[in-house]
Amino acid sequence: MIKAVMVMNTQGKSRLAKFYEYLSVEKQQELIRGVFSVLCSRAENVSNFIDAESIFGQDSRLVYKHFATLYFVFVFDSSENELAVLDLIQVFVETLDKCFQNVCELDIVFNYSKIHTILDEMVFGGQVVETSSSEIMKAVEEISKCFLSPFLLSCVKMHVDDVRFSTFALFLI
């Protein structure tokens, strides 16, 4: 099971943090700081696999990949294969590159909901559900179409006296 997914920059600022187990915000921040301290102290030429029991508790492993100014980190238990999780990071980054034409830190900061949608198409409830970048992109495009459908846009543009309908239409957008 995937326990957490994090994206942080080289200064330790968290750009994405998704935990698949309930943890208080304080505990999440503590874990993010712990992960960053381990990552920034590692040499460039060492393995991308880390035993994370000291940070996340028993039966925890961490796989990371460093791209430009970002660290992509997945934390998981022994039921997941380390190489498969490393490949999952690669698929995540490839999908982000397809969405944003060479993804950068600002894309992640300003497109937070789209990043979460992509991640949710890949990992749901801590379980890997999709590993094909093209299938993930199809799903994200379908979701985007729902938000940009002509019907919803026309509903918002026209004046409707029914407050419930207006509120519903605005909620969908």
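A residue is termed buried when its relative accessible area is under 20%. The legends below apply this term to a predicted model.

**Figure 1. The aromatic cluster of Phe67, Phe72, Phe74 and Phe92**. With a relative accessible area of 1%, Phe72 falls under the 20% cut-off and is therefore buried. Phe67, by contrast, is partly exposed, because its relative accessible area is 23%. Four aromatic pairs are found in a search of the whole structure.

**Figure 2. Helix α1 (residues 25-40) and its packing partners**. The 16 residues of α1 should span 22 Å at 1.5 Å a residue, and the end C-alpha atoms are 22 Å apart, so the two values agree. Buried positions in α1 are Leu31, Ile32, Gly34, Val35, Phe36 and Leu39. Because an α-helix has 3.6 residues a turn, residues three or four places apart point the same way. The buried residues of α1 pack against strands β1 (2-9), β2 (14-19), β3 (49-51), β4 (61-67) and β5 (70-76), and against helix α2 (53-56).

**Figure 3. Tyr22 in the loop between β2 and α1**. Tyr22 counts as exposed because its relative accessibility is 76%. Its C-alpha atom is 9.9 Å from that of Lys3, a residue 19 positions away in sequence.

**Figure 4. A nonpolar surface patch of Leu106, Val109 and Phe110**. Together these three residues present about 320 Å² of accessible area. Val109 is located in helix α4 (residues 105-110). A relative accessibility of 33% is why Val109 counts as partly exposed.

**Figure 5. The protein chain as context for the close-up views.** The chain has 173 residues, and buried residues make up 38% of them. Its secondary structure comprises eight helices and seven strands. Of the contacts between residues at least 6 apart in sequence, 49% join residues at least 24 apart. The accessible surface of the chain is about 9900 Å², with 56% belonging to carbon and sulfur atoms.

Key:
Residues numbered from 1 in each chain as written. Predicted model: local features only at pLDDT ≥ 70, side-chain atom pairs only at ≥ 80, totals over all residues. Heavy atoms only, no water. Patch = residues over 30% accessible without salt bridge, like charges linked within 9 Å, V, L, I, M, F, W, Y side chains within 5 Å. Areas by Shrake-Rupley, 256 points an atom, 1.4 Å probe, with all protein chains shown as cover. Salt bridge = Lys/Arg side-chain N within 4 Å of Asp/Glu carboxyl O. Helix = DSSP H or I, 4+ residues; strand = E, 2+ residues; numbered from the N terminus. Buried < 20%, exposed > 50% of the residue type's maximum accessible area, 1.4 Å probe, protein only. Expected span 1.5 Å × (residues − 1). Contact = heavy atoms within 4.5 Å. Phe/Tyr/Trp six-rings, centres within 6.5 Å; stacked < 30°, edge-to-face > 60°.
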